[in-house]
Each structure stands twice: as C-alpha cells, then as structure tokens.
Amino acid sequence: MQQFKVTSESLNIRLAPIVDDANRIAVLPKGHIVSKIKNSDEHKWWKVATILEGKTLEGFVAHKFLSPVTIFAIKTLLEIGEIPILQADGESVFFYEAGMSINADGAPNAYHPADTGIDFLANAGHPGNWWALAVDKNGKAFIQGSTDPYPGYYISTTALLDSGFVTQDPRRYVDSTNIPYIVLPGNDDFRRVTGVKLGDFAVVYNTNNEKLIFAIYADIGPKNQIGEGSVALSQALGNDPFVRSRVRRGIPKDIIYVVFPGSGNGQPRTTSEIEAETKRLFEIWGGVERIKSL
C-alpha cells in the first residue's frame, strides 16, 4: 500500500464518500499516516486504511488533504540500554533493533525444585522472593499436582495473565513454549513514552533469514534491558534456544521488533488470534518492504 500523510489541521475519515455528520468514523490529526486502498467512484475521495489508537480503520477521505510519503522522518523516543526506541512522525507504532535473549516464563516445565526445568531456577528468583513463580499468601511457591501438565514442577508466571483461572492454575499464564511473545522493560518512562500495554501486538523480523513472526507482549523484564522473547518466538525465527534440553542460546543481534501500542485487549491470545489481529496492522503499516527499509 502507498502511504500518505494528512496535510490539513485535521481530516475526517468517513464510512462513505460523502460529507455527512452521521458517517464520520474518526478525525485524523495533521501529519497522521494513512495507506491508500483504492480510488473511489467519487473522484474527490480515496478509500484508505490507517491505525488510530492501536486499532485499524478503513474509510473514505478527501484526498486533496493528503500528501505522499516517500521518506519517513524518524525520531528517537528514548534509549534502553543503548538501544534506541524509534518512531516515525505521524504514527504510534514504535520499533527497535536488538538481539533476543530467551524467556521461558509461563511454560509449565520452566522451573523445577531440583532445578531440572528447561530454565535455570535462579532465573525465577529464590525462596522469599520468587518473581517468576506463582506463590501463596506466604510467598511459598505452588507445585503442580497430578492433573497439571507437569506434576512436581513449579508454576511459572507471566505478567500477562488470564484472570479466569486461579493463581495456582498453569493455564492462567502465557506458555513460552507455545506462544510467540515479546518481553518489554519494566520502565515507567518507556511505558509513558510508547503507550504500550500488556497484550499489545508486535511483529518480529530476523534480518539474517527473513523469517517474520507475529507476537504478543506478554511479560515484563528489567527496566534497562530490551530484546527478549519466548521459546516459541525464538524457534519460529529459526533459532533453537536449547542446549542439552535447557534454554541457553539466544540470538545475538539483527532482530527488528515492530510494536503496535493500543492494539490488544489486555488478555492472552492464541497464536491464530495473534496472527489474525496483527497481520492487518502490519499490512497497513507498510509490511515487509517497510521493515526492510529500516
């Protein structure tokens, strides 16, 4: 899709190519980016698609108030551990390039009392301060029972959770081995500047092999680190994170992350839902060709 920016102070996007107060979908601010879908039978109008507050919109605009975008003006929102978090003018989407360390949290076989899980128990904390395990009111970690996926293992948690399940139910959390998810820093400035929330969607692209995966923001990491993803995301990007059945191998560099603030509903999602929701966002944003241009 060819992309354009709004040149007027504001621009109405409408359900039909006609001026009518009843058919206004939204008001787009000056500089906002839209993607052209097609010409309208009414020559003054184009059908366009855009991302506004994390949601996709399609409708008609008066094209005389649009100007083609050939070069995007990019700004740095902030830096996390020397990694610049970037954003194009007129967009809420942000992106960054980093490596990928692997987060096993949420996998029911992540941690075991005897430290035989797929991840090292030290990465979950320690007695009295478990930050990646489900605990009771006294801080004691729950152990999976006979009807759980991995009896005898701890219950590993993620920040994104399904409140329909109780704390000691592994289904409450996002399984790293099944769901492609990203981890973002627990940094107030980062959240304020980007507007991102748990459950928002992302696209992750491996520039080395051109594998592209749709993902969800499901866990929170250290405030000064960025570039982390689930076991399932790593594998889908062509990296086997396991060495002798334990998570040890990340991706050192060349991974591009594109994040869509406001796109989720704050709930865990299935892989098919993540793909369906994110694919259209990505197309409107510019797709693979735009990612390559970064």
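**Figure 1. The surface of the predicted model.** The accessible surface of this protein comes to about 14100 Å², and 48% of that area belongs to carbon and sulfur atoms. Accessible areas come from the Shrake-Rupley method with a 1.4 Å probe, and for residues only the protein chains shown count as cover. This is a predicted model, where local features need pLDDT of at least 70 and side-chain atom pairs count only at pLDDT 80 or more, while totals for chains, interfaces and linings use all residues. Residues are numbered from 1 along each chain as its sequence is written, and side-chain values use heavy atoms, with hydrogens and water left out.

**Figure 2. Inside the fold.** Here you can look for four helices and 19 strands; helices (H or I, at least four residues) and strands (E, at least two) are DSSP runs, numbered from the N terminus. Of the 294 residues, 48% count as buried, meaning under 20% relative accessible area. The C-alpha atoms fill a box of roughly 70 × 40 × 30 Å along the principal axes.

**Figure 3. A close look at D115.** Find D115 in the loop between β10 (94–103) and β11 (125–126). Its phi is near 60°, a positive value in a residue other than glycine. Most residues other than glycine have a negative phi.

Figure 4. Now move to the loop between β14 (201–206) and β15 (211–221), where E210 lies. E210 is not a glycine, yet its phi is positive, at about 65°.

Technical notes: Buried < 20%, exposed > 50% of the residue type's maximum accessible area, 1.4 Å probe, protein only.
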